Amino acid sequence: MKKIRIAIQKSGRLNEDSLQILKDCGISIDNGKDQLKASSRNFPLEAFYLRNGDIPQYLRDGVVDIAIIGENVLIEKGQDLIVAEKLGFSKCKVSLAIPKSVKYNSIKDFEGKRIATSYPNTVENYLKEKGVKAELHIINGSVEIAPNIGLADAICDIVSSGSTLFKNNLKEVEVMLHSEAVLVVSPQISEEGKILLEKLRFRIQSVLRARQ
Ligand code: PRP
Ligand code: MG
């Protein structure tokens with residue numbers, strides 16, 4: 001029997017929350033920690049544990065049929081992809097932050113500044129809209145360290161509890177967007193895949209209703 005292939009974040013907060021919603025849908029997946037692929041015993045579904053940023057391309061290529069990812073990733077790398085369902089968990093912001101000790105007046109303060117980020121497209125569009133020109137430094141993780149080591153004047157990254165900013169002596173000065181987990185569909189999904197997707201969506205919708 002055909003299985004629907006779903007991409008899930010390999011590690012991190014979204015990983016746990018994604019597996020939890022599937023579990024609440026009655027879909028259990030054997031989750032060997034270092035396994036990159038796992039099947040469900042009680043639903044025709046196969047999970048692929050992937051890096052967040054790689055998931056939009058896997059969807060486009062039809063390597064997976066669906067995915068649970070953060071809207072923030074979709075806005076950065078997957079504006080062309082279709083959201084089937086907002087999932088209401090893994091809520092976060094994508095924000096600009098600067099050292100606590102630096103006074104902040106307005107977005108104009110970013111003019112000519114160096115910003116470290118893993119979200120270059122999002123920052124670029126935001127600054128463009130505001131008529132501000134800055135220099136972007138793309139870093140893939142631990143972005144908040146950049147101002148402390150003299151690599152940048154500011155950072156743009158995900159803010160959830162705010163504890164990473166706090167620990168690195170940074171303060172949030174602009175919220176660029178609010179994000180939550182979403183269910184995204186590959187443009188290449190087969191007719192069989194679509195039938196399984198509808199079954200899954202039906203279960204997800206009941207779980208979301210019960211969670212309210
Ligand atoms: C994420 C994100 C922020 C932090 C935000 O990093 O990049 O740094 O979480 O969460 P908080 O506001 O609750 O502190 P993560 O720990 O996933 O690691 P990474 O940046 O190295 O990918
Ligand atoms: Mg981080």
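Colleague: Which residue of strand 9 stands opposite Lys-93?
Modeller: Keep in mind that the model is predicted: local features need pLDDT of at least 70, side-chain atom pairs count only at pLDDT 80 or more, and totals for chains, interfaces and linings use all residues. Residues are numbered from 1 along each chain as its sequence is written, while chains are lettered from A and ligands numbered from 1 in the order in which they are written. Strand 6 (residues 92–99) pairs with strand 9 in the antiparallel sense over 5 bridges; pairing takes at least two DSSP bridges, and strands (E, at least two residues) and helices (H or I, at least four) are DSSP runs numbered from the N terminus. In strand 9, the residue opposite Lys-93 is Val-159.

Colleague: And which residue of strand 9 does Thr-117 face?
Modeller: Strand 7 (residues 114–117) pairs with strand 9 in the parallel sense, over 3 bridges. Opposite Thr-117 there you'll find Cys-156.

Colleague: Which element supplies the largest share of the shell around ligand 1?
Modeller: The residues around ligand 1, meaning those whose backbone-placed C-beta atom lies within 6 Å of it, include Gly-12, Glu-144, Asp-157 and Thr-164. Two elements, helix 5 (163–167) and strand 9 (154–159), each bring at least two shell residues. With 3 residues, the largest share comes from strand 9.

Colleague: What is the strand order of the open sheet of 6 strands?
Modeller: The pairing in this sheet is mixed. The order reads 2-3-1-4-11-5.

Colleague: What does the twist average from one strand to the next?
Modeller: Angles run from 0 to 180 degrees between N-to-C directions, with axes fitted to C-alpha atoms (for helices, over the stretch in contact). On that scale the average twist is 30 degrees.

Colleague: What angle does helix 6 make with strand 1?
Modeller: Helix 1 (residues 13–24) packs on the sheet, and its direction makes about 140 degrees with that of strand 1 (4–9). Helix 6 (residues 191–211) packs on the sheet too, touching strands 1, 4, 5 and 11; contact means C-beta atoms, placed from the backbone, within 7 Å. Its angle with strand 1 is about 55 degrees.

Colleague: Why is Arg-60 classed as partly exposed?
Modeller: Arg-60 sits in helix 2 (residues 55–61). A residue is buried with 20 or more other C-beta atoms (placed from the backbone) within 10 Å of its own, exposed with 12 or fewer, and partly exposed in between. Arg-60 falls in the middle class because its count within 10 Å is 14.

Colleague: What share of the protein chain counts as buried?
Modeller: The chain has 6 helices and 11 strands, and its C-alpha trace spans about 60 × 35 × 30 Å along its principal axes. Of its 212 residues, the buried share is 36%.

Notes. Contact = placed C-beta atoms within 7 Å.
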